[in-house]
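Please open the model in a viewer and keep the sequence panel at hand. The stops below are given in the order in which they may be selected.

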Amino acid sequence: MLKLENLHVSIDGRLVLRGVDLEIGDGEVHVLFGPNGSGKTSLAMSILGYPGYRVISGRIIFDGVDITDKPMDERVRMGIGAVFQNPPKIYGVRLKDLIKIISKSKVNSAEISGLMDRLNIDSSLLNRYLNVGFSGGEVKRSEIAQVLAMKPKLMILDEPDSGVDLDNLQLIGRELAENFKDRSGLIITHHGYILNYVKPVKAHVMINGVIVCDGEPEKILNRIRESGYRWCRKCYEMKMSERL
Amino acid sequence: MLRDEDVRKALEKPAKYGADLDLSSYGFGEAEEFAEIDRDVSRRGMEVGVDLDRRKYLSTFLHVDYSTVYKSVQRQFKDDLELMTIEEALKRYDWVRGLLWKLRDPCEDKYTAFTALNAKGGYFMRILEGRKILIPIQACFLLFTQGIIQPVHNLIVAEPGSEAHILTGCTIHPRVTRGLHLGVTEIYVRKGAKLTYTMVHKWGPEFDVRSRTGILVEDGGVFVSNYVMLGELRTFQSQPSARLIGSSSRTSMNNVVYLRGRSEMDLGGEVLLEGAGSRAEIILNSVAADNAKITTRGRILGLADNVKGHLSCRGLMLSDEAEISTIPILESKKMNSELSHEAAIGKIAEDQLNYLMARGLSRDEAESLIVRGFLDVGRMGLPRPIEEGVRRTIELALKGF
């Protein structure tokens, strides 16, 4: 589904990804861990093709097609959907308007209303301006609803569980678990709460724009929970000295 | 009662805001004969939200140039609403004179002075005590003769406990390019009454408008005004001023404008919170394309205990040749008042565009959605057919965008 080959990416001339290799098979869900500022969001944005993230070298292959030079909206239409961590406020544009445009021709209205019910998105939230005065839980539910309405082949979730209370987490977790049955995904999570619901097949750890290890999600998460990213930093140093 | 001499002197007085117009450059007094409400006229009506084809079934007031050509009260509201020309009202009720020029000063500037001395027509609407008129009352002002001044003076009285929605559409006949509309409107919202006053304007690239609106809201009264102006005109200036003298009275003023061409607009809203616990919200949303210049002025004065006010001025620039300035003013005379404002001007934000594009919209689709969002009328609480009409008007104005 997705293959990254030695991906180097910069923003405003600053190198944020420094040779990332990653492969996510069809129907696989992977999780990406890493300390703040390690480049996790940059990786998500680079896969999506968000303006400003410039590929210096390496390739992004999606669904067998090299999308390295394709603009974001084209990638989205090919089937990449992303949940943003901090989506902007858009005055005057109601959540319902955007969902209507997004789901057009892909999802029928009965499906949409079922989705909204399951995510506890009522008409009052649908009628509000996008992200204006939304609570943390509302932002996440709105983001996930939008992405699910797109029916993407690959879902990238940037911190779907941050700033969300337990009730919302359960709602989101169940819906995502259900939707990951037939699609691929990359989940970025700091705390790993979402892994109580969604079970990825593989985990990766990112340090300073490099993936330093791959492995079993639970094992890696437990390691990080016990001793933070101390070990990962050591692995990073080892990896970098190997490169030299 | 009017100090005629003072008013005459004021004929030379430029307005505080907006370009100064030479009143002698317009015709006055002579109008062409208006034949009938034909397709051109009814289409224009529709564009400003007024349904003239169904005039017989709705409460309707139609004024063309200097005279009222149609007026009727919807049958089911015969006992609830009085609708007549201001001249008829002055003849019928002694007290009407006492309500005129109380909420605006005839000596304010040359436009009020001219209207005070020369007004020809205008409506009188009175919603009787405790009556609720759930279907909008429509009023339409049309300019039919090229190049003239149309001075009108309107009076609305919402008696205690009454409720109504007034929809005013002001426009020009498609063949007219030049002229000046002077509208003075005084609105009294009595105890516990609720009045929604929606105004949609459509003019032409050479046309001028000066409007002077004064509002008084008594205890527990609610006044909601909605203003929508789309397209082009030469110059426009208006700053409705509301005095909330009643305790717990409320007002909300929503303005949405989209200007093209070389239009110059100075649009404001002013609320004096004089009653304890009174509240106000002013929203001024403006979009400037081409060479349009827009100034928005909001002013809220907290003069009584526990008042609240919020002012929001947002401007969207669609061209480097356009200009938007926004001047929010808050003044407080009480410690326990809560007044706030937010103001922002800019082009369409990149992060918003990118976000929508990340949802699969093309750049054009994303821009169009953001611009339409700026002109959102959904929060005005309009009845559904009117909202749809206004949305159609917006779509028409944005065609090709």
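Begin by selecting A:Val9, which stands opposite A:Leu17 in strand S2 of chain A. The model in view is a predicted one.

Together with S1 and S2 they form an open sheet of four strands, ordered S2-S1-S4-S5, with antiparallel pairing. Strands S2 (14-24) and S5 (65-66) of chain A each have a single partner strand and stand at the edges, so one side of each is left without a neighbour in the sheet. While viewing the strands, recall that side chains in a regular strand alternate between the two faces of the sheet.

**Helix H1 of chain A**

Select residues 40-48 of chain A, which make up helix H1. How many of its nine residues are buried? Eight are, and the helix is thus mostly covered. The buried residues are A:Lys40, A:Ser42, A:Leu43, A:Ala44, A:Met45, A:Ser46, A:Ile47 and A:Leu48. Step on to A:Gly49, which follows H1(A) and has a positive phi, near 85°.

**The hairpin of S11 and S12 in chain A**

Now select residues 202-207 and 210-215 of chain A, strands S11 and S12; the two run antiparallel and are joined by five bridges. Within this pair, A:His204 stands opposite A:Asp214 in S12(A). Two residues lie between the strands of the hairpin, where A:Asn208 takes a positive phi near 45°.

**Chain B: a loop and a charged patch**

Move to chain B and select B:Ala19, placed in the loop between helix H1 (4-10) and helix H2 (39-47) of that chain. B:Ala19 counts as partly exposed because its relative accessible area is 32%, and the range for that class lies between 20% and 50%.

For the last stop, select B:Lys194, B:Arg250, B:Arg279 and B:Lys308. Which kind of surface patch is formed by these residues? The four form a positive one. B:Lys308 lies in strand S18 (residues 308-317) of chain B. With a relative accessibility of 41%, B:Lys308 is classed as partly exposed.

How values were computed
Residues numbered from 1 in each chain as written. Chains lettered and ligands numbered in written order. Predicted model: local features only at pLDDT ≥ 70, side-chain atom pairs only at ≥ 80, totals over all residues. Heavy atoms only, no water. Patch = residues over 30% accessible without salt bridge, like charges linked within 9 Å, V, L, I, M, F, W, Y side chains within 5 Å. Areas by Shrake-Rupley, 256 points an atom, 1.4 Å probe, with all protein chains shown as cover. Salt bridge = Lys/Arg side-chain N within 4 Å of Asp/Glu carboxyl O. Lys, Arg positive; Asp, Glu negative; His and termini not counted. Charge placed at Lys NZ, Arg CZ, Asp CG, Glu CD. Buried < 20%, exposed > 50% of the residue type's maximum accessible area, 1.4 Å probe, protein only. Pairing = 2+ DSSP bridges.
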